[in-house]
Every structure is written in C-alpha cells, then in structure tokens.
Amino acid sequence: MLNIAHVPFLLIWTGIAIVFTPFAFILYKIIMKRTSPSAIRSIVWFYARVWIHFISLFMPIERKTGKWDDYPQPCIIVGNHQSMTDLYFMASLPIHDVAFVVRGWPFRIPFFGFYMRNAQYVDVEQYTPEGMFEHIQNLFRQKTSIMFFPEGTRHSDGHFGRFHSGAFRLSCQTGRPVVPLCFYNTGKMLPKGTTWLRITPVTVVALPPVYPHNFSGELGHIAMRKHVKLLMEKAILDIQQQYKNSERVTLPYCIGANTTRL
C-alpha cells in the first residue's frame, strides 16, 4: 500500500514543486529578503518536509531535533548515513538554511542537480581542499550551516563505518560547533540498492552541540571525531534498546530535550 501511494505522490509533488518554485522563490527572496541560494535551500527543506509528513501516514516517524534556537548558527551537522532517504529526513531539523557537502554524482541528476547547484551545495570533487574551505567560509558568512556524512557512504545495516576527519578539522579551523545527527532505521526503510520503501519505525535525533575548544592541540580534530562518533553510537544503541523493550524513545540528552512526533 505504501509504495502504491508513494510513487504517484512523489511524481505529483515533484511536479507541483517545479511549477511553484518561481513563486516560492519570489516569496523568500523579495518578501522575506533572503539571498537566492538561501531561498532555494528553504524550498528544498519544505519539499522534503512535506514528504516526511506523507510518509508518516504509513509508519511512525519520531524526531527529537529541538527548536530553531537550540542550534548555534551557523554550525556543522554530521550524520550517520544509512539510506538515500536521510537527505529527506534532514527536513526533520527546525533550521532551513543548510548546505550539503556531497560527492559529484548527485549534481548530474536532472532536476535535483539544478537545485543543488543553485543552493550552493558543496561538490567535494569540484574543489581543491583550499577552494572548498573558502567556499564553506563564504557559506558561514551567510549564516548557512553545513551538513556532512563523515562515513562517506551508506551503511544500511545500522552499523557505523569509519568517520573521515574533514568535518571535524573544519570545526577546529573555524571554531564552528558540530551538531551530531542520528538516523535510526532509515536503512531498513530503504536499504541500499533497492527502490521500494519498507514500513518500519524511523527516529531522527539531534544531540547537543560539540565545541572544538574542548579539543586542543594539533590532533584535536581526531579526538573530536572519535568523541562525536562515540556519542552517536551510544544514542543509536539507546534507541535500539528502547525499541526492543517496546518503549517510547526517550533520550534526555538530545538537543533541547524536545520531542515531536509527526
């Protein structure tokens, strides 16, 4: 039933989004005084947010992502990567102005690539390390937060892969805090290599910001990377245990300690 409804919904909603993007762009840019890339990022957020609400009609979606003012802005968001749907579930966050750091292939997808380029998402294959740092610094100056998937690839079995250091080195270089974002069960909902959604409870949890000044020295970014990964692994294990015990997910240490069920 889910996939019978999901495919036409996605096609119709995408078509509506294409038609109404110019009007939404005018609303954000002219009336709300947003920059062009910021307007596009907000449109992408709204598109994904509507998708989340549709999916929640078929399965429980729980988010513990706090409020807008719980996030130091701009910040660096790092998430575990289980599924392509993680990109949609980013709209669980209350902040709209987020640019993704991704590999080059999504930029080549029709429709999606257009929005990604105009939203100033960061193509890691396009820049030298120095050029990427300058591009992200420009985004920070616009109060735009950055999203990394430090594993670099999806792990749909729920286990964490090796974290790369880029996001944490950037944090130590710029002084911007890291906000860990945990996706649970998105890999079961849409496993890697499949196109059909499966009904399963999904939880999205943001943890409190981690500040780079607590990790000093030349290898501070490595200590920060290990610390953040341990925090995220603990959160996922706690969520998993509460599901096994048929308990409502309660994580008193999540950002803002604010729970919303869609």
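Predicted model: local features only at pLDDT ≥ 70, side-chain atom pairs only at ≥ 80, totals over all residues.

Student: Which residues lie nearest its centre?
Tutor: The lining comprises 14 residues, and W45, M90, A91, H96 and F100 are those nearest the centre of the largest cavity.

Student: And which element gives the most to that lining?
Tutor: Helix α2 gives the most, with 4 residues. At least two lining residues each come from α2 (36–55), α3 (86–89) and β3 (98–102).

Student: What is the make-up of the lining by class?
Tutor: The lining of the largest cavity has 12 nonpolar residues, 1 polar and 1 charged.

Student: Changing topic to helices: at what angle do α5 and α6 pack?
Tutor: Helix α5 (residues 129–141) and helix α6 (residues 166–174) pack at about 60°, and their axes are 12 Å apart. Because of that angle, α5 counts as oblique to α6. The crossing of this pair is right-handed.

Student: Which residues meet there?
Tutor: From α5, the residues are F133, I136, Q137 and F140, and they meet L170, Q173 and T174 of α6. By class, the contact of α5 with α6 has 4 nonpolar residues, 3 polar and no charged.

Student: What about α6 and α8: how far apart are their axes?
Tutor: The axes of α6 and helix α8 (residues 220–244) are 8 Å apart, at an angle of about 125°. Therefore α6 is oblique to α8. The crossing of α6 and α8 is right-handed.

Student: Who makes that contact?
Tutor: On the α6 side, F168, R169, S171 and C172 take part, and on the α8 side G220, H221, M224, R225 and V228 do. The residues of this contact divide into 4 nonpolar, 3 polar and 2 charged.

Student: Last topic, the backbone. Is the peptide bond from Q73 to P74 cis or trans?
Tutor: The bond from Q73 to P74 is cis, with omega near 0°. P74 is placed in the loop between β1 (61–64) and β2 (76–79).

Student: And what is the phi of K33?
Tutor: K33 has a positive phi of about 60°, although this residue is not a glycine. K33 belongs to the loop between α1 (2–31) and α2.

Notes:
Residues numbered from 1 in each chain as written. Heavy atoms only, no water. 1 Å grid on protein atoms, 1.4 Å probe; cavity = no way out; pocket = protein on both sides within 12 Å on 5 of 7 lines; lining within 4 Å. Nonpolar A, V, L, I, M, F, W, Y, C, P; charged D, E, K, R; others polar. Axes fitted to C-alpha atoms, helices over the stretch in contact; angles between N-to-C directions. Parallel < 35°, antiparallel > 145°, perpendicular 65-115°, else oblique. Left-handed = near helix turned anticlockwise from the far one by under 90°. Contact = heavy atoms within 4.5 Å.
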